[in-house]
Amino acid sequence: MFATHVIFAQVEFKTAVSKNKLGVNQRFRIEFTVNKQGADNFKPPSFVNFKVVGGPSSSVNQSWINGKASYSQAYIYIVEPKEIGEFTIEPATIEYKDELIKSNAVKITVTEEVEIPKDPNNPDYVAQQSIHLVAEVSKLNPYVGEGIYVVYKLFVSENINLYGSQINETPQYKGFWNQDIEVKQVNFKSGQFNGENYKYVILKKAILIPQSSGKLVIEPIEMSFSVGIPTGRGDFFGNMITRNINYSTKSAAKNVNVKALPEEGKPIDFSGAVGEFDFKVLADKNILKANEAAQINVEISGSGNLKLFEIPKITTPAELEVYTPEHKEQVETSLSGLRGSISDAYTVVPQFKGKYKIPEVSFTYFNIKEEKYKTITSEAIIVNVTEGKELPSANNSNNTEKQYVVSNGNNFRFISLNTTFKPAVEEEFFKSTLFYLLLLLPFLAIPIGIIIGNKKAKRAGDVFGNKIRKADKLARKYLSEAKKQLGNHEAFYIALEKALHNFLKAKLHIETSDISKEKISEILKNKGVETSTIEEFIAVLNDCDFARYTPTTSVMMKQEFEKAKNVITKIDKYL
């Protein structure tokens with residue numbers, strides 16, 4: 001207990017926020033700070049009721065004043081609330097000397113939206129006025145089953161630079177059947193927003209078909225951006241200086257008032273088809289023999305909610321054996337809706353000679369343009385079976401009862417699940433192909449063993465090659481976390497810098513994160529490392545510092561990863 005008390009007396013792990021009270025449309029900065037070097041395995045709280053829009057980023061501050069050293073390391077997040085209320089951000093945790101230490105919890109009060117000051121020098125205000133997410137809906141008062149579309153566009157002022165974006169929340173389209181339409185090219189075009197010139201890009205398109213009447217809501221799409229805001233000042237060469245910020249916004253929700261289909265004139269057989277359709281029932285052949293198959297195709301074509309209703313079924317006489325239909329769909333999705341055809345193909349096999357009638361089939365749909373129901377009725381199909389057995393009733397009109405089938409030796413039987421097959425001719429093992437192969441196997445194994453042994457000896461004698469392979473393995477070990485974070489800008493460079501320090505720590509048995517780069521260069525030089533290799537190592541460390549605060553790409557991160565891997569491999573040859 002005394003030892004634990006001493007450890008906790010030495011270490012301070014605190015949570016601090018930039019503001020405890022804010023509007024639901026504002027953000028705040030939260031910082032977790034530890035005052036002792038060597039603390040590791042930081043784990044943030046779950047941020048329930050909040051959304052992380054920036055970070056994590058980290059900073060290290062160390063100083064030496066009047067012979068007294070101080071150290072602090074901070075983990076920083078930018079978060080925004082999801083809803084109004086009073087919430088508690090739970091403690092974060094960190095490990096120090098195998099002890100788990102918790103920070104303090106923080107209470108946050110979230111109020112209604114507050115108005116952002118109209119300050120042209122405020123980056124948040126400039127971003128709010130320059131970036132707009134818009135949801136365009138083709139029709140706000142459709143019928144149930146009528147297809148509409150929604151297109152999400154991003155408008156950006158021409159003087160604003162976007163360095164990256166991500167979708168935080170996608171709409172769920174509750175109450176709608178929906179299908180996304182592929183956006184093949186995401187390129188900015190020139191356009192206008194509220195009468196001003198903007199550049200815009202189409203982010204998402206979808207077809208929506210309402211499933212019930214009443215008020216339905218098309219939920220907004222929410223996105224975060226890395227934005228370059230012009231400061232109004234220029235550099236030495238006259239180029240505009242920009243300030244990079246993280247900004248998030250969302251489109252306005254759209255209310256859709258869905259009209260119910262009229263009850264007046266609605267046929268009994270109406271199955272929910274809405275649009276403009278054609279209906280056909282066709283047989284591939286009308287004259288055939290008994291036990292010969294014919295195919296009857298029931299097809300609906302046109303535009304509308306093709307995937308949301310059932311195709312009418314045919315009725316056949318008992319003398320025709322009908323199999324389960326094969327369903328086919330050839331439907332294309334575009335902003336004009338669903339268009340194409342759906343069909344059921346029935347296979348019909350007559351058992352007896354004669355003429356059989358397949359009755360008319362009706363299909364009813366609601367026509368959007370005319371706003372009324374329409375019914376299409378197909379013609380009856382006559383199947384003429386010219387050859388085959390006569391109907392039992394035709395041969396003996398007094399005997400109409402069904403007869404049970406009597407099994408005999410020629411009928412099909414149940415499938416046997418066990419077998420007792422044996423080869424018709426059994427080959428003897430002696431002097432067989434397998435016999436000679438096994439006989440020669442020891443003689444083949446001797447030269448193969450000699451070759452493998454020579455290769456192992458040659459590989460063992462390759463001292464330089466073995467050292468390179470070992471160094472490459474070490475590089476992969478230390479850089480594994482950085483490799484996982486490729487594409488995640490802030491986390492990647494933090495992991496990369498940590499990997500370089502961990503490598504030196506393991507090789508030199510000293511803590512390098514608390515000494516200057518000049519001291520690291522001096523230590524490596526004393527170990528005999530070439531000057532050019534030392535310069536490469538320091539350059540990668542400098543890149544990690546600069547890249548956290550400047551825009552970068554996945555390609556640049558991969559290049560930095562390869563540089564770090566190569567320089568670790570080189571230094572390992574000297575240590």
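Buried means under 20% relative accessible area, exposed over 50%, and partly exposed in between, with a 1.4 Å probe and protein chains only. This is a predicted model, in which local features need pLDDT of at least 70 and side-chain atom pairs count only at pLDDT 80 or more, while totals for chains, interfaces and linings use all residues. Residues are numbered from 1 along each chain as its sequence is written, and side-chain values use heavy atoms, with hydrogens and water left out.

**View 1. Phe277 and Phe309 form an aromatic pair.** Rings of Phe, Tyr and Trp (its six-membered ring) pair if their centres lie within 6.5 Å; planes under 30 degrees apart count as stacked, over 60 as edge-to-face and the rest as tilted. The count by this rule is 21 aromatic pairs. Phe277 and Phe309 make an edge-to-face pair, 5.6 Å centre to centre with 70 degrees between the planes. Helices (H or I, at least four residues) and strands (E, at least two) are DSSP runs, numbered from the N terminus. Phe277 belongs to strand 21 (residues 275–283). Phe309 sits in the loop between strand 23 (294–304) and strand 24 (320–322). The pair links distant parts of the chain, 32 residues apart. Both Phe277 and Phe309 are buried.

**View 2. Phe309 also pairs with Phe363.** The ring centres are 5.8 Å apart and the planes stand at 35 degrees, so this pair is tilted. Phe363 lies in strand 28 (residues 362–367) and Phe309 in the loop between strand 23 and strand 24, so the pair ties together parts 54 residues apart in sequence. Phe309 is buried because its relative accessible area is 9%. Phe363 is buried too, with a relative accessible area of 1%.

**View 3. Ring pairs build a cluster.** Its members are Phe13, Phe32, Phe42, Phe47, Tyr75 and Tyr77.

**View 4. Lysines lie over the faces of Phe188 and Tyr143.** A charge sits over a ring if NZ of Lys or CZ of Arg is within 6 Å of the ring centre and within 35 degrees of the ring normal. Lys199 is placed over Phe188, 5.8 Å from the ring centre. Lys259 is placed over Tyr143, 4.3 Å from the ring centre.

**View 5. Lys498 forms a salt bridge with Asp40.** A salt bridge is a side-chain nitrogen of Lys or Arg within 4 Å of a carboxyl oxygen of Asp or Glu. The structure holds 14 of them. In the Lys498–Asp40 bridge, the closest N and O atoms are 2.8 Å apart. Lys498 is in helix 7 (residues 489–508) and Asp40 in strand 4 (residues 40–43), 458 residues apart. Lys498 counts as partly exposed at 40% relative accessibility, and Asp40 does at 31%.

**View 6. Glu292 forms a salt bridge with Lys285.** The closest N and O atoms are 3.0 Å apart. Glu292 is partly exposed at 28% relative accessibility. Lys285 is partly exposed, with a relative accessible area of 29%. Elsewhere, salt bridges that share partners join Lys51, Glu80 and Glu222 into one network.

**View 7. Helix 10 spans residues 554–572.** The helix has 19 residues and reaches 27 Å from its first C-alpha to its last, close to the expected 27 Å. The expected span is 1.5 Å times one less than the number of residues. Buried residues of helix 10 include Met557, Phe561, Val567 and Ile571. Glu560, Lys565 and Asp572 are also among them.
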